[in-house]
Amino acid sequence: MATTETAGGGSARSRASSLRGSLRRNRRWALILSYFFLIVFAFFFLAPPYYMLVTSFKTNHEMVNLATNPWVIAEGPTLENYKNLLWNTDFLIFFKNTVIVTLCVVAITMVISTLAAFSLARMKFWGSGVLATGVFLTYLVPDSLLFIPLFQVVRSLGLLNNYWAMVLVYPTLTVPFCTWIMIGYFASIPKELDEAALIDGAGYIQMLLRIFVPVALPGIIAAMIFAFTVSWAAFVYPMAFLYRSDQLVLTVGTVTSLIRADVFQWGSLMAGALLAAAPPLVIYAFLMDYYIAGLTAGATKG
Amino acid sequence: MSEVALRQVVKTYEQTPAVRGIDLDIADKEFIVLVGPSGCGKSTTLRMIAGLEEATSGEIWIGGDLVNDVPPKDRDIAMVFQNYALYPHMTVYENMSFGLRLKKFAKAEIKRRVENAARILDITELLDRKPKQLSGGQRQRVAMGRAIVRDPKVFLFDEPLSNLDAKLRVQMRTEIKRVHQKVMTTTVYVTHDQVEAMTLADRVVVMNGGRIDQIGTPHELYHTPRTKFVAGFIGSPAMNFLACRLVEAAGGGLSVLLSDQLSFAVPAARTARYRPYAGKELILGLRPEHITEARPYANGADVQDFTATLDVVEPMGMETMVYFTVNGAEVCGRVAPEAAAGPGEPMRLAADIGHMHLIDPATELVL
Amino acid sequence: MADATPSSLAPTTPARPSQAHARRRRPALKRWMQRRSTIAFFMCLPLLMVIGGLVVYPALYAIDLATMNKAMTKHIGFGNFSFLFTRDTFWMVVRQSAIFAITAVVFKALIGLVTAHLVNNLPAKGQRKWRGMLLVPWVMPLSLSTLGWWWMYDPTYSALNWLLGAFGIGAVPWLSDPYWARFSVILDNVWYGAPFFLIMYLAALKSVPEQLYEAASIDGANAWQKFIHVTLPMMRNIIAITVLFSLIVTFANFDIVWIMTQGGPRDMTHIFATWAFKLGIQSGDIPLGASVALFMFPILGVAAIFILRGVAKRGREI
C-alpha cells in the first residue's frame, strides 16, 4: 500500500534517496574524527618514551649537534650508552637491589593482604566494616607526609642507608590498596561456595587456600602487579633513606649516579631510565588486562 | 495517519541474516504483535522500525514517510523496553517529561500531559519517586507513561512483560489493552509468548527464522494455520503432531492411518481437498482440546471414539491433561477431571476430527 | 546400682570435682581459638600491625615532631607553625601546591574524559589496542619518565624547542623561567596522570546500559544531549571519586618537582612534599619539615571524607 501513499510520497522518496546513506556517512565521519584525535593524543603520550629511546641510541656527538633533528637518529645508532651504563656505573647493582626489594615486598604484601581481605570480606567480626574503610583511608596518606617521621623510625632501627629499610616501609604503599582490591574480588565470590565448603568439612584457612585463592586468581594477579609496579617505582622513601651507592634502588640510582658534577651523560641516563622502566612495561605488555583490572577494581567495584 | 509499512526489509549481521525480507502493512490505530521463538528476528524488526538498527536493504515507512535514514529521534515514535530503561537519576515525573523537555515544550503543557498519562496508568502518587524505589510493575507503567506522554505516531513494545512474574504479567496485559483502547495509537508489540499475542493483538505476525510465516487475526491463526510452525506455536498446550498415512477408504472416502490399531475417517467436506495426497505419508495435527473424554457432542460435529492407555495424568483443576502414546509419539488430550482414568489404565476418548489439520512433511505447509 | 538405665545414658559422675573442672577448661580455650571472629582477627593482625606501626604511629609521631625545636630537645608547641606563617616561601608553597594540584587534575580529568569517549567510539577490537598504547605513561615509573621530560626541557638541547623552531616559534625557557617551570611541571604531571583517568572513565562509560542511550535517542536526544543527560549523571560518582583521589595524589606528589627543578628557580616550584624534604632531610631540621608536611593533612582529610561519601553513595545507588 506504500505505492498508493499521499501525494507527498513522491517527494518523500526523492528526499529520502538524497538522505540515503547520510546516517552511515555521519557515523563514518565520527569514526574518522575519532581516529584523528586519538592519533594526536597517541603522539602526545608516546613521544617522551620514544624520544628517550632515540636518545639512548645516539652518539654523544650527535646529541650535542644542535643542527640535527633530535627526534631521529641521523648519524647511526650506537650501543655506547648502554655499554657505559652497564659496565661503568653501578646500574646493575641498583637493578639487583630493586629486584630483591620488590620481590620481598610483593611476597609480604600478598600474604598480609590476602589474609586480611579474606577475613574482612567473609568473616564479619566486630568492627570489620570500620576496619575495611580504615584500610582504604590509610591508602590516602601519602608517602611524602610519612617520610619524615619514618625517617626517625628507620634511623632508630639502625636501618638508615640500608635497602632493607625499603622492605620495611614499602608495604605502607602497597598493602592498603591490595587489600582493597582483594576485598572486592573476594566479596564477589558467591556465599554458596563457602557454605558448600563448610559442609564438606573445610576450615577457614583451607577455604581460603583451596577455594578463594583459585577462584579469585585474577584479583590476586592484579594485586601482585599493582604491588610490583608501586614497589618498583617508589621514589620518596629511597630518596630519603638511602645514600650509599651500593644500597640505592633503580629510581634514585639512575638519577644520582649518572650526574657527576653537573655533567649529564644524557645518553646513558636515557638508557638507564628505559632499562629501569622496562620490567613494569614488559609486565604491562603481557598482562595488560590484569593491570587494568587492578586499577579499576578500586573505584568501580565500589 | 500513522500506518507503518515494511517492504522487503532485510537485516544481515556480518555473515548472519537475521531478517530475510519481510513485507508488512500495519493500519492506523492497529495493535499488531510480532511473535516467534528467540532468534526469529522479531526484536530486530522492531528495532529497525525504531531506527536503533539500520536495515541492510528494504524500505521502512512510518505515516507515509520513508524513514530509513531518519534517526530515531525524528521518527515520532515511542518505545517501551524489556528492562524499562528508566533514567535512574531522574524522578518519575522527570523520566516521563524528558522527551518533551528536550523538544522545549511549554511547562504547562508538559505538566498537563504527564498528569494525564499518570492518571491513565494510575501512577499519580509515584511522580516524585526515583525508579529504584519502584516495583517492577510500577516501573513498567512509568515506561509506558513515558511513551504515552510523547503522543507519538507509533508505540513500540519490546517484550515488556518478560521481566515480570506470572501474576503481574496477566495484570499488566490487561493494562496494556486498556491503555490502547483509550489512547488508540498504532502499536507494534514484540513477544515470545503466544498467549500475550493472542490476547492483545488485532492481528498477529508469526515469525520464524527471519521470515514471516503467517499474518492473521488470532482466530485465523488458531483455526487456519498456514504452516506446521504456526500450528504448533499457537495454542497451549501445543498441537499434537502424529505421523500418518492418507489412504483410500471403503466407500470412496479417505482415512488417516495412524497405526495398526488407530485410524480416523476424514470428514466428508475435506475429501476433495485431500484426495490428491492419497497414499502419501503426512502429519496429522490435532489440538489437545479436540481430544476429550468420550461424551455427547453437538450435532454436526465430526467425532470419532477410540481407546488409549494413559501414560501420565495431570490434574489441572478445571480439567485434566492426559498423555498417551500412539505409534511411539506422545499425544496430549484434555478431559473432564471426573472422567479421567488413572495412569496405566485404558480410557475411552473422543477425537473431534472436524478440527483436524493435515501437514505435508516436505513443505511443512498445512494442506 | 541395680538401675535399668543403659550405661551410655547414665550421666558420668566425676570421681573428683577438680578433674571435671580441668576437663571443661581446656575445651573452652580451644573453642575460643576456633571461633570465627578470633581467627578473623588474627588474619587481620599483620595488616593492623603494618597500618598501626607504619602509618598511624608515624602520623601521630609527625604531629609530635612538629612541636619540637630543631635540636629535638624540647617541645615548643606551635613555634614551628608560627615561624612558617611568617615566611614568604611558605605561602608561595601553599599557593603553588594548590595551583599545581587543581590545574593538573582539571586537565587530567578533561583529557581522560575526551579520550575515554574517543576510545569508546571505536569498534571493540581496536579499543584494546588503543587503550594499551595510551596507558603507557602511567605504566612507566614517574621518576624515570620525568628524566625523559627533563631531557626534553633541557635549556640547550630541548627537543621541544627544536619542534617549536620548526614551526617558527622561539625557544621556551622551560625550566629556567619560574612561570614556564610551573607549566613544565604541570605538563609532565598531566601527561603521566591522564591515562589513569582514561581507564577509569572508559570503564565507567561501559557500565552505562546501552538501553538508556536508546531510550534517550527515541526521546529525541542528540549526541550532546545524551552526554549531558545520560552519560554525565550516570558517571557522576566515578568522576567525583577519581577527581578527589587524583587531587590527593597530585597534591602530595614529590618526584616531578624534585627531579626537574628541585623546587627552583627561586623556590617558585616548591610544593609541600619537596619543601618538607628540603627542610627536613637536607637541612636537617626534622621538626620544621614535619610541620610543613603536616599541612597536607587537613586538605587530604577533607578530600578523603568526600571520597568516602562518594563511594558509599555509589554503593547505594542503582
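A crossing of two helices is called right-handed if the near helix is turned clockwise from the far one by less than a right angle, and left-handed if the turn is anticlockwise. In this predicted model, helix H7 of chain A passes helix H13 of chain C in a right-handed crossing.

H7(A) contributes Ser144(A), Ile148(A) and Phe151(A), while H13(C) contributes Ala273(C), Ala276(C), Gly280(C) and Ile281(C). By class, five of the residues in this contact are nonpolar, two are polar and none is charged.

How many of the 11 residues of H13(C) are buried? Helix H13(C), residues 272-282, has eight buried residues, so it is largely enclosed by the rest of the structure. These are Phe272(C), Ala273(C), Thr274(C), Trp275(C), Ala276(C), Phe277(C), Leu279(C) and Gly280(C). After H13(C) comes Gly284(C), which has a positive phi, near 80°.

A second pair of helices also joins chains A and C. Two packed helices are described by the angle between their axes and the distance between the axes. For helix H5 of chain A, residues 91-122, and H2(C), the angle is about 130° and the axes are 8 Å apart. That angle makes H5(A) oblique to H2(C). The crossing of H5(A) and H2(C) is left-handed. On the side of H5(A), the contact is made by Ile112(A), Leu115(A), Ala116(A), Phe118(A), Ser119(A) and Leu120(A); on the side of H2(C), by Ala40(C), Met43(C), Cys44(C), Pro46(C), Leu47(C) and Val50(C). The residues of this contact comprise 11 nonpolar, one polar and no charged.

Chain C itself has 15 helices and zero strands. Of its 318 residues, 44% are buried. Among contacts in chain C with a separation of 6 or more, 66% are between residues 24 or more positions apart.

Another helix of chain C leads towards chain B. In helix H10(C), residues 210-219, the buried residues are Leu212(C), Ala215(C), Ala216(C), Ser217(C), Ile218(C) and Asp219(C). What covers these buried residues of H10(C)? The cover includes helix H1 (42-50), strand S6 (77-80) and helix H2 (92-102) of chain B, together with helix H11 (223-251) of chain C. Just after H10(C) stands Gly220(C), with a positive phi of about 110°.

Chain B contains nine helices and 21 strands. Its C-alpha atoms fill a box of roughly 80 × 45 × 40 Å along the principal axes. Buried residues account for 42% of the 367 residues in chain B. In chain B, 66% of the contacts with a separation of 6 or more are between residues 24 or more positions apart. Within helix H7 of chain B, residues 218-223, lies Glu220(B). Glu220(B) has 16 other C-beta atoms within 10 Å and is therefore partly exposed. Glu220(B) and Val204(B) are 16 residues apart in sequence, and their C-alpha atoms are 9.4 Å apart in space.

Lys191(A) belongs to helix H10(A), residues 191-199. Is Lys191(A) buried or exposed? With 9 other C-beta atoms within 10 Å, Lys191(A) is exposed. The C-alpha atoms of Lys191(A) and Met288(A), 97 residues apart along the chain, are separated by 29 Å.

Confidence in chain A remains to be described. The mean pLDDT of chain A is 82, and 89% of its residues reach 70 or more. Over residues 1-20 of chain A, however, pLDDT stays under 50, and the model has 19 contacts beyond four places in sequence for this stretch. Where pLDDT is low, the predicted coordinates should not be read in detail.

Terms used
Residues are numbered from 1 along each chain as its sequence is written. Chains are lettered from A and ligands numbered from 1 in the order in which they are written. This is a predicted model: local features need pLDDT of at least 70, side-chain atom pairs count only at pLDDT 80 or more; totals for chains, interfaces and linings use all residues. Helices (H or I, at least four residues) and strands (E, at least two) are DSSP runs, numbered from the N terminus. A residue is buried if 20 or more other C-beta atoms lie within 10 Å of its own, exposed if 12 or fewer, and partly exposed in between; C-beta atoms are placed from the backbone. Axes are lines fitted to C-alpha atoms, for helices over the stretch in contact, and angles run from 0 to 180 degrees between N-to-C directions. Angles under 35 degrees count as roughly parallel, over 145 as roughly antiparallel, 65 to 115 as roughly perpendicular and the rest as oblique. Two residues are in contact if their C-beta atoms, placed from the backbone, lie within 7 Å. Ala, Val, Leu, Ile, Met, Phe, Trp, Tyr, Cys and Pro count as nonpolar, Asp, Glu, Lys and Arg as charged, and the others, Gly among them, as polar. pLDDT is the predictor's confidence in each residue, from 0 to 100.
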